[in-house]
Amino acid sequence: MEETIGVTETAPIPKQRGEQLLDHAVRYAEERHWDVFAGTWLEPVDGRELCSCGAEDCPAPGAHPAVKDWAALATGSAVQVRRVWGKRPEASILLPTGRTFDALDVPESAGFLALARLERMQRTLGPVTLTPDHRMLFFVLPGASAKVPDMVRRYGWSPAAIDLVVRGEGQFVAAPPTRFGGRGAVQWARRPTPANRWLPDTEELIDALAYACGREAAAERARRSS
């Protein structure tokens, strides 16, 4: 069983050095065969870091696409990756979903509950990220968007009532060690390894994720009514 980040553990946030970002981006392309593209970056302004997009209220500072046609720029070529980050070494690392993987996006508390449950059941798991805005993203085979609503209903939950989002075609995720402004860095809750190179299908995870998100939704309703 692989080591995962514990619920109470505070993992160190890596500094976003240019060479570190380049190395990570190259490994994602070479070792995982994932397409990657460079996003925005953080710029020091009056003693603080602002997103290169120029918006002071940017919801994901330094961690979103820098151009509208980002999907056309995503590449799996390590040579191209080196060229792109060579020009902009501080750019965030973004991964398009809907190509080699989709991502099932859930609240952090539900994600840790589901992760523990899935490991106890010895289910096949792919990489899992933990974001600074307290979300966990489970990487699965593409095509999840079309399956998840019916699967969630099959397990007795309303898709509209639980916080389970599919990141699929036309969307993206931020990859470690990309930072969200001063909020922290995206981390691996379950790292990419040779053992999880083959991603699970949505069916292998959805029961535990729907259950965990359903519990989270019920607890939130209880808090509001108390």
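First, the ground rules. The model is predicted, local features need pLDDT of at least 70, side-chain atom pairs count only at pLDDT 80 or more, and totals for chains, interfaces and linings use all residues. Residues are numbered from 1 along each chain as its sequence is written, and side-chain values use heavy atoms, with hydrogens and water left out.

Start with the five-strand sheet. It is open, antiparallel, and ordered S8-S5-S7-S6-S10. Strands here are DSSP runs (E, at least two residues) and helices likewise (H or I, at least four), numbered from the N terminus. Two strands pair if DSSP finds at least two bridges between them. S8 (165-167) and S10 (187-190) each have a single partner strand, so one side of each lacks a neighbour in the sheet. Look inside: S5 (102-107) and S7 pair antiparallel over six bridges. There, Val106 stands opposite Met136 in S7.

Now the helices. H4 (108-120) lies across S5, S6, S7 and S10, at about 45 degrees to S7. H5 (144-154) lies across S5, S7 and S8, at about 45 degrees to S5. Contact means heavy atoms within 4.5 Å. Axes are lines fitted to C-alpha atoms, for helices over the stretch in contact, with angles from 0 to 180 degrees between N-to-C directions.

Next, the other sheet. Three strands, open, antiparallel: S1-S4-S9. S4 (93-96) and S9 pair over three bridges. Leu95 stands opposite Val173 in S9.

Last, Thr131. This residue sits in the loop between S6 (128-130) and S7 (135-140). Buried or exposed? Thr131 is buried, at 10% relative accessible area. Buried means under 20%, exposed over 50%, partly exposed in between (1.4 Å probe, protein chains only).
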